[in-house]
Amino acid sequence: MIRIFGIKFVICFCVFTALCAAGAAGQEPKRTSEAQHNTVRYTISLAQTTNHLVRISIDLPAGAPEQDLQLPVWNALYQVRDFARYVNWVKTTHAAGDKLTVRKMNKNLWRVSGAEHGGQVNYEVFANDPGPYGAELNPQHAFFNLAELLMYPVDSRSASVQLSFSDVPSDWRIATPLAGSFNQGFTADNYDQMVDSPVEMGTFQESDFDEGGGHYRVIVDASPSDYDMTKIVWEDRSIVAAATTWMNDRPFNTYVFLYHFPHLAGGGGMEHAYCTAIDLPAQVLKANPQALSAVTAHEFFHLWNVKRIRPQSLEPIDYTKENYTTALWFSEGVTSTVEDIILSRAGLLDETHYLNRIAGEIRELESRPAHLTQSAEESSLDAWLEKYDYYRMPQRSISYYNKGELLGVLLDLAVRDASNGSESLREVFQWMNQNYAKEGRYFADSDGVEQAAESVSHADLEPFFEKYVRGTDEIPWNAYFKSVGLQVIRQTLLVADAGFSATRDFNKPPVVSVVAPDTEAAHAGLIVGDSILEINHRVTGPDFEQLLSDLHPGDTIYVRVRHDKTERELQWKVGSREEINYELKDLEHISPQQRTRRTAWLIGESETKTEGAHP
């Protein structure tokens, strides 16, 4: 997956929505047949699709005379996005029709007075934020991350909820992991469970399948000419079979894949406990079909890592401010490690491409001077700074996705070395799933990962965590890869230099951060702050860095950029520069033991369990 800094195919940022007690224990959400008297009822009206306006009614149960309503300031992305900026107005009425008093207390908190017998709150929200992290209503479809729309009663956040939709176009259908239907409404045990359940409505295409006892819904809202449903279903089936077998677990009965393939720059994926929402630009899907399987594998594995195998620092969730954790290197980065294992086991990634990916991640980390000053834990804490252009500069920060993925690879090799090949990263995750997720417990951030790895390997791994997770020591790559008969080769190459640097903030187009002086790019008129919409007539999705790396010295580059609201088309000749490149290559002499370990490592198995494993 391409992260903000990285080289893979899709950006993914974890939502810190808490699982309900049943979800934390790996069970399906409870199906309640009727609402209890203290149920909070929401109704969302879709009457104004053309204007992107959503009207919401909340029926508050009887309770305290004063009840506070809170709209989250963040959800899905590690950003305070202040969803209240889209709230046009808020009104309240008593059940008998008398007006109640509502007073705004701060930017995202409203206080309702006179509500001891209950009451109704009505408000209007502008919803035109496309992508898997947004809330969007238009004549074509609706996609809602519900935390961006629905306020919660501060004193009743744990109450059961009921959600209904009105004024829905007659030909629209709905897809959501929530229990219920259009006619009867949808239910959740509490607010947290509800907002961890996105909603897609429209004339989407659906193809379902069953695998290993689970039922899977594949929902696509896109032009039929832009995708091959048969291929998507085949890949999804291969991925879920590989992942559930690797974990020896399936903590759900039904899982939903929600896909969008827009003709826009951007893209990304968002995981939830019982579904995932993925946007991939149609042009990216066409040019790089493997991009979809990569993000799907990543998001699917998140149903364990972060949704159920969950760091203590993310609990309890606080929707009113940043939630800090030192564990994103594991919850996000090591999920990328497992992503590649899943793809390999599913037959969607071969050894050559896998080793090239690891080498590319090494190159990304080593090319950022900040790898000597910012640890993986500090990068996790600083996730909330990623929306700032300067923070994403190489001298300022590393990516917890990038270094976390590499730490996952190295931890796997370290556990294998310590256990003489009898244990691996697979056993570490299964141990955490059994001792944390299935026990309804959270792990103690990096200390919890260390405990799990040491419990499995029966070895002291504190130096690994002190040097490379909490510290910024240089990583001795060859000391780890030697056990699988590999070495890291460092070479100086002459590569294309487009004359600028750009960083990408989540699902937005990349923004130019540096234009080298006296270069063809500068002479052509490229300036800092330009948003790059196209490169060589291709929309800049998550693969924009790959578009640049495909260039050769002397090529002509064509870009379409936007600054403020003005778009420009520019072109210039690409220059050249020297760059340090990294490759993973075979050792000159590989022993039978090294070959055996590599075979097991490539499919995520311990050496004692390799026999009968997937090719």
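User: Rings of Phe, Tyr and Trp, the last by its six-membered ring, form an aromatic pair if their centres lie within 6.5 Å. How many aromatic pairs does a search of the whole structure find?

Analyst: The model is a predicted one. The search covers the whole structure, and its count of aromatic pairs is 40.

User: Is the pair of Tyr354 and Trp601 stacked, edge-to-face or tilted?

Analyst: The ring centres are 5.5 Å apart, and the planes meet at 45 degrees. Stacked needs under 30 degrees and edge-to-face over 60.

User: How many residues apart are Tyr354 and Trp601?

Analyst: Both residues are buried. Tyr354 sits in helix 7 (residues 351–366), and Trp601 sits in helix 16 (residues 592–602). The pair thus links distant parts of the chain, with a separation in residues of 247.

User: Which elements do the buried residues of helix 16 pack against?

Analyst: The buried residues of helix 16 are Gln594, Arg597, Arg598, Ala600, Trp601 and Leu602. Their packing partners are helix 6, helix 7, helix 9, helix 13 (477–481), strand 21 (486–497) and strand 28 (575–586).

User: Does Gln594 count as buried or exposed?

Analyst: Gln594 is found in helix 16. Beyond its neighbours within four places in sequence, Gln594 contacts Lys482, Ser483, Val484, Gly485, Leu587 and His589. Its relative accessibility is 13%, and the limit is under 20%, so Gln594 counts as buried.

User: Is helix 6 roughly parallel, roughly perpendicular or oblique to helix 9?

Analyst: Helix 6 (residues 328–345) packs on helix 9 (residues 400–418) with axes 7 Å apart and an angle of about 60 degrees. Roughly parallel needs under 35 degrees, and roughly perpendicular runs from 65 to 115. The angle therefore makes helix 6, relative to helix 9, oblique.

User: How many residues of the contact of helix 6 with helix 9 are charged?

Analyst: Helix 6 passes helix 9 in a right-handed crossing. Leu328, Trp329, Glu332, Gly333, Val334, Ser336, Thr337 and Asp340 in helix 6 meet Tyr400, Tyr401, Gly404, Glu405, Leu407, Gly408 and Val409 in helix 9. Of the residues in this contact, seven are nonpolar and five polar, and the number charged is three.

User: What is omega for the cis peptide bond that joins Glu315 and Pro316?

Analyst: Most peptide bonds are trans. Pro316 lies in the loop between helix 5 (290–301) and helix 6. Its bond with Glu315 is cis, with omega about -10 degrees.

User: Is His52 buried or exposed?

Analyst: Most residues other than glycine have a negative phi. His52 has a positive one, near 60 degrees. His52 lies in the loop between strand 1 (40–48) and strand 2 (53–60). Its relative accessible area is 19%, under the 20% limit, so His52 is buried.

User: What is the relative accessible area of Asn536?

Analyst: Asn536 is not a glycine, yet its phi is positive, about 50 degrees. Asn536 lies in the loop between strand 24 (531–535) and strand 25 (538–539). Asn536 is partly exposed, and its relative accessible area is 29%.

User: How far apart in space are Thr519 and Lys573, C-alpha to C-alpha?

Analyst: Thr519 is found in the loop between strand 23 (511–515) and helix 14 (520–524). Thr519 is buried, with a relative accessible area of 19%. Lys573 is 54 residues away in sequence, and the distance in space is 9.4 Å.

Terms used:
Residues are numbered from 1 along each chain as its sequence is written. This is a predicted model: local features need pLDDT of at least 70, side-chain atom pairs count only at pLDDT 80 or more; totals for chains, interfaces and linings use all residues. Side-chain values use heavy atoms; hydrogens and water are left out. Axes are lines fitted to C-alpha atoms, for helices over the stretch in contact, and angles run from 0 to 180 degrees between N-to-C directions. Helices (H or I, at least four residues) and strands (E, at least two) are DSSP runs, numbered from the N terminus. Angles under 35 degrees count as roughly parallel, over 145 as roughly antiparallel, 65 to 115 as roughly perpendicular and the rest as oblique. A crossing is left-handed if the near helix is turned anticlockwise from the far one by less than a right angle, and right-handed if clockwise. Contact means heavy atoms within 4.5 Å. Ala, Val, Leu, Ile, Met, Phe, Trp, Tyr, Cys and Pro count as nonpolar, Asp, Glu, Lys and Arg as charged, and the others, Gly among them, as polar. Buried means under 20% relative accessible area, exposed over 50%, partly exposed in between (1.4 Å probe, protein chains only).
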